[in-house]
Amino acid sequence: MINFLFTFSTLIHMDFREIEEKWQKRWEESGIFQADPDNREKFFITIPYPYLNGNLHAGHTRTFTIGDAVARYKRMLGYNVLFPMGFHVTGTPIIGLAELIQKRDERTIRVYTQYHNVPEDVLLTLTTPERIVEYFSKEAERAMRMIGYSIDWRRKFTTMDECYQKFIEWQYWRLKEKGLIVKGSHPVRFCPNDNNPVEDHDLLMGEEATIVEYTVIKFKSEDGVIFPCATLRPETVFGVTNIWLKPTKYVLAKVNGEMWIVSFEAFEKLKYFDKKVEKLGEIDAKEYFGRFVENPVTKEKVPILPAEFVDTDNATGVVMSVPAHAPYDYVALKQLAKDEETLKKYGIDRKLVESLKPIVLIKIEDEDYEVPANEIVEVMGISDQKDEALEKATKIIYKKEYHKGVMLENTFFPNIPVAEAKDKVHDYLIKNNLGDVFYEFSEKPVVCRCGTKCVVKVVKDQWFINYSNEEWKRKVLEHLERMTIIPDYYKKEFRNKIEWLKDKACARRKGLGTRIPWDKEWLIESLSDSTIYMSYYVIAKFVNSGKLKPENLVPEFFDYVFLSKGSVEEVAKKSGLSKEVIEEVKREFEYWYPVDLRSSGKDLVANHLLFFLFHHVALFPEKYWPKAIAVNGYVSLEGQKMSKSKGPLLTMKKAVEEFGADVTRLYILHAAEYDSDADWRRKDVEGLANNLRRFYEIVKENYFKEPKEVTTLDKWLISRMQKAIKETRDAMEKLQTRRAVNAAFFELMNDVRWYLRRGGRNLVLILDDWIKLLAPFAPHICEELWSLKHDSFVSLERYPEYDESKVDEKAEVAENYIRTLLRDISEIMKFVKDAKEVYIAVAEDWKREVAKIAKQTGNMKEAMKVIMSDERFKDLKKEIPSFVKRLFKEGFDFYEIDERKVISEAIEFFEKELRVKVYLDESKVPEEKRKAAMPGKPAIYVV
RNA sequence: GCGGGGGUUGCCGAGCCAGGAAAAGGCGCAGGGCUUAAGACCCUGUCCCGUAGGGGUCCGCGGGUUCAAAUCCCGCCCCCCGCACCA
């Protein structure tokens with residue numbers, strides 16, 4: 001009794017954490033996850049290192065746990081598995097965070113204490129980037145140990161380490177030598193007050209705004225003044241009838257030596273565009289109304305006219321008018337012709353305005369209208385240029401013409417689709433200095449966190465990585481085809497993104513990181529310093545053990561280790577290392593490389609994972625290019641998006657403390673598959689904890705029972721186990737952790753429930769396999785259970801093999817038979833009051849003919865045709881489809897089981913379940929019921 | 001707009017590629033068992049109808065192919081994600 005009570009209470013209060021900590025300690029002490037080269041086949045799996053501006057959260061937990069499950073699974077398959085981890089600290093957010101903490105920013109303090117669970121007194125000391133890195137790297141490592149990842153911790157590093165920086169410098173020198181680093185300029189969102197580019201999270205307003213590139217077309221007046229018309233539709237330049245200015249003041253400016261007339265706002269913006277800009281004076285637009293300018297493309301002279309709809313805060317504030325295709329222009333022109341007052345005010349001849357006829361220059365196949373702008377304006381009933389509906393009208397026309405339109409004969413590009421002509425005109429303008437570009441936000445306003453309105457700034461002379469390089473892209477694309485991408489449809493996505501990738505600025509002024517070795521004013525930007533660092537895990541082991549020092553890491557050393565360039569003697573001399581050490585590092589690199597699997601969140605597809613591919617292809621020999629990439633989705637909390645900087649957030653540590661490592665792991669692995677998003681729901685997590693506890697109890701209760709004689713039921717259980725092994729393995733090969741956990745845990749659990757309900761007493765027969773099967777997912781509890789009987793680590797055991805000889809289809813069919821029969825009987829008993837006895841009659845033998853026919857034809861379609869047309873079966877047309885379906889689903893053994901025998905052996909079970917007497921007795925079952933019986937579906941009679 | 005993914009039973013989510021079960025599993029809810037009780041655990045039910053294992057309706061909407069469609073084909077509607085220099 002005392003013993004019972006004790007057991008009982010330990011079960012109730014079974015503390016996952018206690019078990020987990022015990023095994024984490026043992027793993028650590030035994031060093032079983034430290035991977036060094038040996039004669040086994042290797043498997044090198046990496047996960048993107050976390051960025052340390054906060055604690056690891058449920059999102060990390062998902063990606064990392066998938067990685068760990070795969071690592072453990074592969075290890076149990078016999079691979080020598082390397083699963084390392086480092087920390088990313090490059091860039092600005094950590095600095096930003098330090099500043100916020102220093103300033104005691106209220107929101108930051110709240111978010112970091114409440115969601116990141118940093119104690120306030122500790123948080124307030126994190127006022128420098130160094131302290132932040134120090135603190136969060138320790139926390140991250142602790143969290144990852146708490147959840148039981150099988151990481152080789154001897155290889156950890158941060159991207160600020162001196163040795164890492166040597167490695168990055170080497171990489172950039174080599175890229176530069178290959179001509180893949182180029183200089184250029186590009187537009188960025190910029191805060192004039194902070195004097196810095198702004199990132200999304202630095203914005204108060206306008207996070208959605210993108211930078212739009214307007215084409216500027218230089219219309220010139222006789223006195224040489226340029227009216228820079230900004231447009232998104234340069235192809236319509238062939239249809240310009242006039243240009244518009246708002247009747248207000250403009251600026252006369254000298255722009256790169258030319259005289260430009262632009263709005264005041266535009267002038268301010270121009271200052272940031274990497275141009276020489278000088279204000280010469282102010283002019284009033286009215287001085288120009290009625291005067292003419294020359295269309296630089298058609299050489300036509302067109303008048304300058306006033307229009308109220310012109311927005312001086314959009315682009316240059318000078319607009320060209322294409323009334324045939326632009327509803328605004330059409331309406332404004334019509335309106336002006338009628339507006340006596342305005343015409344008089346500016347001394348414009350009405351005849352002039354009336355003479356301006358729309359010039360149609362685009363046609364749309366299958367549609368036949370004269371002047372598109374006219375038609376839409378009439379349909380929508382717009383007559384005022386300030387009508388907001390014009391915006392919509394413009395969009396409709398634009399959309400149609402862009403996608404379906406073709407240029408007409410009166411343009412330079414007859415019969416060319418509009419989408420193409422647009423670029424051609426743009427290029428023509430730029431090439432001949434007849435045009436320019438003007439950057440503008442797609443939405444306004446865009447406001448920095450400091451309250452200042454942002455501008456677009458063109459950063460000049462910046463270093464770029466030349467991803468647009470065709471040769472480079474081609475190689476990456478070719479390699480992509482050879483790679484495994486999981487899930488497979490992401491290969492298409494990668495293909496598109498590789499083609500779309502443009503040159504990328506790789507340098508920044510501010511932040512943590514490595515300086516560009518040949519231009520020390522610039523720092524290498526954070527996504528650009530994390531492309532090939534998987535190779536650095538090899539180096540890091542030697543750095544951490546003290547064998548490699550920063551001064552040893554000369555470029556020639558990396559050349560030799562990674563690329564086999566140069567001679568060991570030379571490298572020894574240059575690096576100050578012994579030949580042995582150099583060779584040892586090289587051997588280790590050559591053993592581990594390439595990366596066999598990089599498993600990552602889907603947010604990195606369009607950036608990091610691309611760069612990862614590009615840089616490997618550029619720098620390493622082909623045999624070291626990555627083998628596979630897997631992508632997983634996000635995690636939300638009770639349906640809410642997580643946010644590092646705003647909350648809500650669930651840290652990895654908190655999840656483990658609260659629910660335990662195995663529960664957290666199992667839950668996150670099971671919550672969603674592949675790139676679909678998972679939702680962390682407390683209720684579900686608790687439910688899972690119960691299931692896991694139940695597993696623990698069941699194993700403990702049965703593990704030491706002496707095996708008894710093996711029954712059909714036992715064979716069924718063993719067979720089910722084989723199916724589960726097969727399913728789990730197959731799922732894991734495809735990285736389907738949800739399916740794997742479903743098969744290895746939930747479905748087996750259901751089978752075990754049935755087995756126990758059926759009175760099974762030999763559960764012990766499958767327990768070793770079950771524990772091993774679950775070990776990659778819930779390693780702690782599995783170690784604990786395994787250790788009850790064995791002296792080894794289950795983590796190092798061989799994963800269960802699927803053994804077809806143990807599959808017993810007949811036993812499975814028999815159990816299904818019993819299950820179905822039980823269900824049918826109880827279904828009927830619902831309708832019989834005070835049922836006392838149940839009689840069962842199996843179908844007559846001749847009905848097995850159906851199965852024979854089905855087997856002969858081999859497919860459902862054929863079988864149904866043949867059987868249904870058979871006279872003998874015409875009374876059974878209701879029963880046959882489901883029978884045939886079962887045949888094809890459960891296999892043809894189905895009709896070969898001895899139903900009478902199966903039923904006889906289960907009578908006792910039926911009686912226990914149903915609490916009535918059950919007889920297998922044909923004579924007691926009425927004729928009409930017996931007639932409807934089919935093989936597998938006996939007649940039932942309840943009295 | 002371009003590109004990728006998706007709309008399934010109260011919810012989450014399998015199934016769809018290889019057409020043949022009101023459609024796995026989990027959660028929730030209801031009833032029963034166990035228990036002094038609660039929790040846990042074990043059964044049963046959970047679209048509608050039904051005093052015999054049955055019938056009806058169902059997988060975003062509308063058509064089509066087929067003996068048979070959640071699954072294949074066509075059209076439409078809606079939702080999510082990426083479009084960068086930011087980790």
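Tutor: In this predicted model, the second largest pocket has a volume of about 1,100 Å³. A pocket is an open set of points on a 1 Å grid over the protein atoms alone, where a 1.4 Å probe fits, with protein on both sides within 12 Å along at least five of seven lines. Volume is the space filled by probe spheres set on the points, which are joined across faces, edges and corners. The lining has 30 residues (an atom within 4 Å of a point). Closest to the centre are Tyr214, Leu232, Asn314, Glu391 and Thr394. Helix α14 (389–404) gives the largest share, four residues. At least two each come from β6 (211–221), β7 (226–231), β14 (319–321), α10 (327–338) and α14. These are DSSP runs numbered from the N terminus: helices H or I, at least four residues; strands E, at least two. By class, 16 lining residues are nonpolar, seven polar and seven charged. Nonpolar means Ala, Val, Leu, Ile, Met, Phe, Trp, Tyr, Cys or Pro; charged means Asp, Glu, Lys or Arg; the others, Gly among them, are polar.

Now the strands. β3 (181–191) pairs antiparallel with β19 (455–465) over nine bridges; pairing takes at least two DSSP bridges. β3 also runs antiparallel to β4 (196–197), joined by two bridges. Phe190 stands opposite Val455 in β19 and has Pro197 as bridge partner in β4. Four residues separate β3 from β4 in their hairpin, where Asn195 takes a positive phi near 55 degrees.

Residues count from 1 along each chain as written, with chains lettered from A and ligands numbered from 1 in written order. Local features need pLDDT of at least 70, side-chain atom pairs 80 or more, while totals for chains, interfaces and linings use all residues; side-chain values use heavy atoms, without hydrogens and water.
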